[in-house]
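Hi everyone, thanks for making time.

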Amino acid sequence: MRGKLPEYGRLKTFQRQQIGLRPYPNEGTSSMTRLSLIAFSSALAISTASAQQPASKPAMDPGMHMKMQPMGSDSAATKGYKQSMMTMMSGMPPYTGDADVDFMKQMKGHHQAAIDMAKVELANGKDAEAKKLAEEIVAAQEKEIVTIDKWLKAKGK
């Protein structure tokens, strides 16, 4: 509004109200009041953000559970893939709040699921290139799980 009424200059709140304009933002507000409002807003934002953090396990959409549930009409491979995903999601450890520990623990579950899925490919797949990749995944992920387990043990986790 200010830009549209240059001839009025900076009007007092009463004058602005008389001609149908709102008061200027923060007019009449002391610095201490503004600081208090900023501090309160910041605290509210932080507490809201904290409340939205996952409590212990990642939330899984209930509909996702139904999509991963093996069905009678699924092929053996699809059943195996779905089962490996369900096992991974239900077996994930709770978060600790320590980024390093959480990374290692969550990755261990993720790597185990990759191994399980690769084994499904090895049991059911027909393509030589896909089977070769599955063999490489099993070897690499098993090696990384050993590294993760050593790290967790060294940290007392």
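Predicted model: local features only at pLDDT ≥ 70, side-chain atom pairs only at ≥ 80, totals over all residues.

Let me start with a question: does S84 count as buried or exposed, going by its relative accessibility?

The mean pLDDT of the chain is 78, and 57% of the residues get to 70 or more. Confidence is lowest in helix α3, residues 62-68, with a mean of 59. Helix α6, residues 128-154, is where confidence is highest, at 96. So please keep those two values in mind when you look at the picture.

Okay, what's in the chain? We've got 6 helices and 0 strands. Reading from the N terminus, the elements simply go α-α-α-α-α-α. The chain has 157 residues, and 19% of them count as buried. Now take the contacts with a separation of 6 or more: 39% of those come from residues 24 or more positions apart.

Back to our serine. S84 sits in helix α4. Its relative accessibility is 4%, and the cut-off for buried is under 20%, so S84 counts as buried. And what does S84 touch, once we leave aside neighbours within four places in sequence? The answer is A113, D116 and M117.

Those three partners also turn up in the contact between α4 and α5, so let's go there. Helix α4 covers residues 76-91 and helix α5 covers residues 99-124; they pack at an angle of about 170°, with axes 9 Å apart. Anything over 145 degrees counts as roughly antiparallel, and that is why α4 is described that way relative to α5. On the α4 side, the contact includes G80, Y81, S84 and M88. On the α5 side, the residues include G109, H110, A113, D116 and M117. If you sort this contact by class, you get 8 nonpolar, 5 polar and 2 charged residues.

Next up, how do α5 and α6 pack, and at what angle? About 155°, with their axes 8 Å apart. That angle is also over 145 degrees, and therefore α5 and α6 are roughly antiparallel to each other. Their crossing is left-handed. The residues of this contact divide into 15 nonpolar, 3 polar and 10 charged.

Notes
Residues numbered from 1 in each chain as written. Heavy atoms only, no water. Axes fitted to C-alpha atoms, helices over the stretch in contact; angles between N-to-C directions. Helix = DSSP H or I, 4+ residues; strand = E, 2+ residues; numbered from the N terminus. Parallel < 35°, antiparallel > 145°, perpendicular 65-115°, else oblique. Contact = heavy atoms within 4.5 Å. Nonpolar A, V, L, I, M, F, W, Y, C, P; charged D, E, K, R; others polar. pLDDT = per-residue confidence, 0-100. Left-handed = near helix turned anticlockwise from the far one by under 90°. Buried < 20%, exposed > 50% of the residue type's maximum accessible area, 1.4 Å probe, protein only.
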